[in-house]
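Colleague: I'd like to go through this one with you and check what stands behind each label. Can you put it up?

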Amino acid sequence: MSDRDENDADPRAAQVRYDQARYVENGEYEPLLSEKDQTRVEIGGGDGDDGDDSADGGSPLPDDLTRDSLELPELSEPELARHYTRLSQMIYGIDSGPYPLGSCTMKYNPKFTEDVAALPKAAVHPDRSERSTQGTLELMYRLQDYLGRIGGMDAVTLQPPAGAAGEFVGIRVAAAYHEHNGEGHRDEVIIPESAHGTNFASAALGGYDVVSLPSDDGGRVDLEALEAALSENTAALMLTNPNTLGLFERDIEEIAEMVHDVGGLLYYDGANLNALLGRARPGDMGFDVMHYNVHKTFATPHGGGGPGAGPVGVVDELAPFLPAPRVRENGESESEPGYELFDPEHTIGKVHGYQGNWLVLVKAFAYIARLGDEGLTDASATAVLNANYLASRIEYEVPYEPFHHEFVASAGGQDAADVAKRMLDYGVHPPTTKWPEIVPEALMTEPTEVEGKGTLDRLAAAFNAVAGEDDETLADAPERTTARRIDQTSAARSPRLSWQALGSDEE
Ligand SMILES: *Cc1c(COP(=O)(O)O)cnc(C)c1O
């Protein structure tokens, strides 16, 4: 360590390494509750209790589908609590430390949003009448309004359950719009090479041919290549801004004009909205349709794949095609406004049961309402400052600048995946790796606005410690986590879907 920057010797990084090692020390396996205790408590079985429980013949199910006894391990409450606490300590989450996954915007989620979502009144049954769910409808109406104002869009649907689902909806709305205008021949969607994989998938799933667009030397949209790709067959161009390198597309107004001149639509992938909040709006840049990843920008933990929500905003011309139903004021009286569901005139139909992932929307609403204009503007400023501070502290090269809320460093001669595994040994979560591909061995890093300077320094220390290590050490990492290198291919191809006792050789 002696020949490295003093940063690398950050004692906190060492402390975390030590703590993780402790959990491994006792064996790498936390037994299941049923393995911890072999005595069993019998429950049920029609033992003279006169209750009408299902085992006593009260069940409408066939006998062979009911059971009359349930064996449970006998453990005390502290033993139970320790089991779950231990499991929670064997994994890494946003409550364990920083989580700088670029593009994912893995920020800490204020606990008050969970409290709001847990209010009994938040959990209304979706089949209740409009008259008895006015509060629910008002929340949806106001969230549509907030998101519209934040994105510079005229109309919003809350239904899509994720960003990718929002992309698909946006593409279907664009298709319906072209079809309605007698332009159904448009069969191409243009997407920059550096775009997120879901963009290509959504366009293809929406029935379009994908035209892929190379970046210029600076990492932005190549205007000449765009000119060449545009034609009367162009249905839309999908972009995110700042792009996946964190670079702002400075020519966005010219790009919008070029796309609109051939009759195409401009789609905004909202995953990077965290960089723009309160400062710039996709609608003002010329975008016609966008999705919001509310689970990235506006709270809701989404590690592990969900749940999320991907509302879609559009300009007036596209509003009649949005999914049904949406919420509007029914204007009965100004002093006491009422709300109702309605189907847009040429709606593409339903894309999710009821109103989408409702409680995720409640959390997004609570977050936006609590932060307000000023808080949202602060969030984007701090997100950009944090990314730039962190980049200035790490030894890996960052080839494309000036970036905003995230940056893509290159691991250079090291393998980015190995770097990521090794960072786990230093007690921090690694960045997104190997994407976008225009940066060799990419380390796509987004610290988000919620981390303070101390955490950013600790993160930089981890990067720099790994930067100084040899390939052999990296290839062997992680050595201090509960699970080490996992055989991901087998896990995906031949998953074990049923539990078997430890040591049992049954397949
Ligand atoms: C995360 C992401 C998406 C997809 O969003 P999901 O909500 O994960 O479906 C699309 N584009 C970009 C740039 C992203 O980072």
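This is a predicted model: local features need pLDDT of at least 70, side-chain atom pairs count only at pLDDT 80 or more; totals for chains, interfaces and linings use all residues.

Colleague: Which polar atoms of S103 and A164 lie by oxygen atoms of the ligand, side-chain or backbone?

Modeller: For S103 it's a side-chain atom, 2.5 Å from a ligand oxygen. A164 uses a polar backbone atom, with 2.8 Å to an oxygen of the ligand. As for cover, the protein takes up 88% of the 380 Å² of accessible area that the ligand has on its own.

Colleague: Which residues surround the ligand?

Modeller: Among them are S103, E167, H196, D269, N293 and K296. Helix α6 (163–180) and helix α11 (294–297) each give at least two residues to that shell, and the largest share, three residues, is from α6.

Colleague: How does the shell divide into nonpolar, polar and charged residues?

Modeller: Three are nonpolar, six polar and three charged. Gly counts as polar here, and G163 is one of the surrounding residues.

Colleague: Moving on, where does A299 lie, and why is A299 called buried?

Modeller: A299 is in the loop between α11 and β9 (312–314). Its relative accessible area is 1%, and buried means under 20%, so the label holds. A299 also sits 9.0 Å from M106, C-alpha to C-alpha, although the two are 193 residues apart in sequence.

Colleague: Now the charges. How many salt bridges does the structure hold, and why does the pair of K111 and D95 count as one?

Modeller: There are 17 salt bridges. In the pair of K111 and D95, the closest N and O atoms are 3.3 Å apart. The limit is 4 Å between a Lys or Arg side-chain nitrogen and an Asp or Glu carboxyl oxygen, so this pair passes.

Colleague: What about R422 and E469; what makes them a salt bridge?

Modeller: Their closest N and O atoms are 2.7 Å apart, and with the cut-off at 4 Å the pair therefore qualifies. The pair links distant parts of the chain, 47 residues apart: R422 is in helix α13 (416–425), and E469 is in the loop between α14 (453–467) and α15 (471–476). Both R422 and E469 are buried.

Colleague: And how do you know that R484 and D476 form one?

Modeller: There the closest N and O atoms are 3.7 Å apart, which is within 4 Å, so the pair counts. R484 is partly exposed at 35% relative accessible area, and D476 is partly exposed at 45%. Elsewhere, salt bridges that share partners join R393, K453 and D457 into one network.

Colleague: Last topic, the sheet. In what order do the three strands stand, and why are β12 and β13 called edges?

Modeller: The order is β12-β14-β13, in an open sheet with antiparallel pairing. Each of β12 (407–410) and β13 (432–433) has a single partner strand, so one side of each has no neighbour in the sheet.

Colleague: What makes β13 and β14 a pair?

Modeller: Two bridges join β13 to β14 (442–445). At least two are needed, so they count as paired. T432 stands opposite M444, and T433 has L443 as its bridge partner. β12 and β14 pair over four bridges, with S410 opposite A442.

Colleague: Which residues cover the two faces of β14?

Modeller: A442 and M444 are on one side and L443 and T445 on the other, all buried, and both faces of β14 are covered.

Methods. Residues are numbered from 1 along each chain as its sequence is written. Side-chain values use heavy atoms; hydrogens and water are left out. Buried means under 20% relative accessible area, exposed over 50%, partly exposed in between (1.4 Å probe, protein chains only). A residue is near a molecule or strand if one of its heavy atoms lies within 4 Å of it. A polar contact is a pair of N or O atoms within 3.5 Å; within protein, one must be able to donate a hydrogen and the other to accept it, and residues adjacent in sequence count only if both atoms are side-chain atoms. Accessible areas come from the Shrake-Rupley method with a 1.4 Å probe; for residues, only the protein chains shown count as cover.
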